[in-house]
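Hi,

Here is the structure I promised to pass on.

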Amino acid sequence: FDNKMSTTTNLQLIVVLAGLLLAGIKLHQTYAIADVNEHPDNQSIYGIDVSHWQGVINWASVANYQYKGRKIGLVFMKATEGVNTVDSRYLENSKGVSQNLDVKVKGAYHYFHPKTSATGQADHFASMLSKDPYFDKAKDWIAIDVEDPNVLGEDSPYGMTKAEYAKTIKDFLDSMKAKGYVNQMIYGGTSYWESRIGSAGADLWKGRALWKARYRDPFENEQFWTTDLPTGAPAVSVWQFSDAGKIDGISGGSVDLNLISNHFPITL
């Protein structure tokens, strides 16, 4: 710099730099999360989702496990699939979580079959949840798992239009809402959603949260909390960022890892 730069110019430069710094901080905080150890309110939550594929889980060991210095604070458990399949470990998993973990967010999910009766699936899911003394409609979440790979487009043998697919999801979720299950999430990946549902499902996100599957480091890819979303979806509430987690107490194989933003639940 020119040593003869005026005091006024110096002051102006300082103001500009300070403004840019503040703008950068503000921009950073508009994303859903920063590093869990650096975030100003340090409220981020790590979690897992499980099913019978993880076998018998030692939930006492899970309760003592820490991931990046944090105990597990989120658990989603598979409960049902289609109109007649029940996850054989659901009730035991729900009991184990409730008796051993101090979770901030707990929920059950249903693996959705789009070519099967949506209301029939809702009846099946609700019936299973009604048998779970640990599921609390007032605070626990339900999620619909939308990832059936057989739906390949309306011209395929298992095909259906995007509007038809969106309607089946709506019918399922509306039926669950009518039964009192009002805390609702939709699970899926953006590429799957856009290729099979897209804008036909934009209205499905009203009053519902996004549980997004994207296997990337959430701290190195912060932009994906608010970008690359299914059409109409809000910012991500839960990010499933790995399917290869190794957690104490789970010896039946790898487990999905999830992260909740410090803004959970987001404004819907």
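The largest pocket holds about 320 Å³ of space. It is lined by 17 residues, and D49, S51, Y109, E147 and D256 sit closest to its centre. This is a predicted model, in which local features need pLDDT of at least 70 and side-chain atom pairs count only at pLDDT 80 or more, while totals for chains, interfaces and linings use all residues. Numbering runs from 1 along each chain as its sequence is written, and side-chain values use heavy atoms, with hydrogens and water left out.

For the terms: a pocket is an open set of points on a 1 Å grid over the protein atoms alone, where a 1.4 Å probe fits, with protein on both sides within 12 Å along at least five of seven lines; lining residues have an atom within 4 Å of a point. Volume is the space filled by probe spheres set on the points, which are joined across faces, edges and corners.

The lining of the largest pocket has seven nonpolar, four polar and six charged residues (Asp, Glu, Lys and Arg count as charged; Gly is among the polar ones).

The second largest pocket comes to about 240 Å³. Its lining has 14 residues, with K71, I72, G73, D102 and K104 nearest the centre.

Cheers
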